[in-house]
Amino acid sequence: MHLREFFQEGDSMNWLKWFEIRGKSLFSIAFSLHRLTGVVLAFYLIMHLSYLTSLRFGQEVYESFIATTVTPTFLVFDILLVLAGVYHGVNGLRLILHEFGFAYEIRKPLLYFTYVVTLIVWLIASYQLYRYVMGV
Amino acid sequence: MADRFIPALQIRHGGVKMEKTEKALHTKRVLEPAGWILQLLTGLLLAILVTFHFYEIHFASHNAMEFDKVVERLSDTGYKVMYALLLLSVSFHAFNGLRAIAFDTEFGLRNSRTINAITALIILGAFFYGLSLLVMF
Amino acid sequence: MEVIFRIKRFDGTRQYWGEYPVPAEKGMTVLEGLYFIKEKYDGSLAFRASCRMAICGSCAIKINGKPMLACETQILHLNTTKINIEPLDNFKVIKDLITEFEGFFSKHEAVKPYLIRKDDNYQEPVELVQTPEELYAYYDYTLCIKCGACYSVCPAAATREDYLGPAAMAAAYRFNTDSRDEGSAERFAVVCTDKGVWRCHFAAECSEVCPKGVEPAKAVQKLRFKSAIYALKRIFSGR
């Protein structure tokens with residue numbers, strides 16, 4: 001079934017329209033990614049607080065958590081998480097500027113700048129994570 | 001084929017939902033802009049604090065995630081304040097963000113009071129839970 | 001050159017796609033193609049059109065996934081031999097390319113899109129003087145032809161039926177910024193709500209598709225800022 005026909009089934013799947021990018025400009029794509037990364041990060045926040053709970057139970061419990069999650073397998077997820085975080089932050093700064101009514105006329109160069117900064121910061125952060133986990 | 005329903009009330013009254021009391025209207029009109037302003041302010045704050053937090057854990061030293069180092073940081077008053085601020089900002093920003101997403105839907109429109117209440121509880125809950133971890137050190 | 005028009009048809013119960021070959025020539029618009037199909041192939045094809053010169057706003061449809069005015073879109077400028085034509089999104093489809101506009105118009109009505117003045121007196125009319133600078137402050141937002149293209153691409157409008165939408169809020173901003181108007185407070189009461197400015201997240205697609213260059217995204221952000229000031233004033237005045 002085509003994705004669009006799926007929408008007609010009722011309100012419950014309407015939220016998929018936030019991620020419909022066909023025929024849309026980079027601005028809409030930026031919005032869709034901002035929403036997606038926001039939800040991912042909110043979920044990560046909950047996980048992070050649970051993770052920090054291990055501190056309450058002492059060194060052994062905390063270190064067993066570290067041993068499980070600071071590994072090459074989790075590195076992939078960590079790098080994706082950092083991408084989500086950096087994108088959401090940098091794009092968020094762009095949105096703060098525009099939602100206060102500033103810099104609307106330069107919104108296109110600012111959008112491209114957002115993507116470039118995101119890429120650069122992400123690569124630097126990911127490389128550092130990689131070095132730490134791989135012990136390089 | 002499901003109908004895309006436009007409630008008759010909205011058409012007859014020009015799309016403006018009729019409110020019952022002035023007080024309810026005032027609260028509603030004040031909560032939303034306050035929520036938006038705080039969302040942007042916490043966003044700005046987080047851009048700084050999360051960057052600092054990430055820098056500290058992954059760039060400043062090689063052993064920042066070791067148990068002893070974590071406890072050392074959490075025992076320091078300055079760090080405690082920073083973490084508390086980070087925690088409050090991120091709790092508000094994340095869960096208010098989810099609230100905004102919920103309000104973008106018909107479900108959110110129908111259950112606005114419940115969602116507002118639950119969001120407030122979760123924000124406070126997350127903040128006080130994190131605080132309870134902070135005060136242990 | 002022959003161009004296939006692939007049109008999403010709907011007869012009230014059944015949705016299907018119809019394919020119609022149109023002999024496109026230089027200067028021929030998509031609207032002319034639709035009239036050609038209606039005359040030569042299928043008289044039941046339903047679409048709205050009126051002025052043929054991009055001023056009435058009737059003929060906004062989705063062409064290859066993007067909302068455009070059919071009357072000002074030239075077939076050969078699309079650079080493709082197959083054109084997908086669908087009705088606008090976020091509107092209830094009545095038949096073929098014709099959608100329900102009642103809700104859209106009532107939202108426009110809701111923001112009180114007319115000059116509100118305390119000294120409204122038909123017996124003793126007063127000349128309302130305005131400088132060119134005062135006009136330029138809101139002029140761009142007067143160009144809206146209510147075609148619905150902006151509303152069709154808005155992600156907030158896609159999921160919330162009562163969201164006022166970019167066109168209505170651009171109209172609200174147009175009147176609030178008009179130096180002759182004294183009804184800002186009444187309009188803020190409507191737009192400073194969870195179905196007004198606070199539903200906008202600056203996807204800014206509305207400005208990308210507006211055929212008249214109205215820049216509704218800009219209007220909404222400026223209206224948002226002014227709404228926040230209005231709300232803060234109300235908090236501190238205790239009203």
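A residue is called buried if 20 or more other C-beta atoms lie within 10 Å of its own, exposed if 12 or fewer, and partly exposed in between, with C-beta atoms placed from the backbone. The model is predicted: local features need pLDDT of at least 70, side-chain atom pairs count only at pLDDT 80 or more, and totals for chains, interfaces and linings use all residues. Residues are numbered from 1 along each chain as its sequence is written, and chains are lettered from A and ligands numbered from 1 in the order in which they are written.

Chain C has 239 residues, and 49% of them are buried. The C-alpha trace of chain C spans about 65 × 35 × 30 Å along its principal axes. Nine helices and seven strands make up its secondary structure. Helices (H or I, at least four residues) and strands (E, at least two) are DSSP runs, numbered from the N terminus. Two residues are in contact if their C-beta atoms, placed from the backbone, lie within 7 Å. Of the contacts in chain C with a separation of 6 or more, 67% are between residues 24 or more positions apart.

Chain C is assigned domain 1 (2-99) and domain 2 (102-237). Such bounds come from an automatic or database domain assignment. The centres of the two domains of chain C, taken over C-alpha atoms, are 30 Å apart. Domain 1 of chain C brings 14 residues to the contact, and domain 2 of chain C brings 13. On the domain 1 side, strand S4 (residues 66-69) of chain C gives the largest share, four residues. That side holds nine nonpolar, two polar and three charged residues. Here Ala, Val, Leu, Ile, Met, Phe, Trp, Tyr, Cys and Pro count as nonpolar, Asp, Glu, Lys and Arg as charged, and the others, Gly among them, as polar.

Chain C also contains an open sheet of five strands, with mixed pairing and the order S2-S1-S5-S3-S4. Two strands pair if DSSP finds at least two bridges between them. Strand S2 (15-23) and S4 of chain C stand at the edges with a single partner strand each, so one side of each has no neighbour in the sheet. Neighbouring strands are turned by 35° against each other on average, direction ignored. Strand S1 (residues 2-10) and strand S5 (residues 82-86) of chain C run parallel and are joined by four bridges. C:Ile4 has C:Lys82 of S5(C) as its bridge partner. Helix H1 (residues 30-40) of chain C packs on the sheet and touches S1, S2 and strand S3 (60-63) of chain C. The direction of H1 makes about 105° with that of S2(C). Axes are lines fitted to C-alpha atoms, for helices over the stretch in contact, and angles run from 0 to 180 degrees between N-to-C directions.

Two loop residues of chain C stand out by backbone angle. C:Arg52 is not a glycine, yet has a positive phi of about 65°. C:Arg52 sits in the loop between H1 and S3 of chain C. It counts as partly exposed because it has 17 C-beta neighbours inside 10 Å. C:Asn64, also a residue other than glycine, has a positive phi near 50°. C:Asn64 lies in the loop between S3 and S4 of chain C. With 16 C-beta neighbours inside 10 Å, C:Asn64 is partly exposed.

Chain B has six helices and zero strands. Buried residues account for 19% of its 137 residues. The contact between chains B and A takes 25 residues from chain B and 31 residues from chain A. H2(B) gives the most to the chain B side, with eight residues. By class, that side has 19 nonpolar, five polar and one charged residues.
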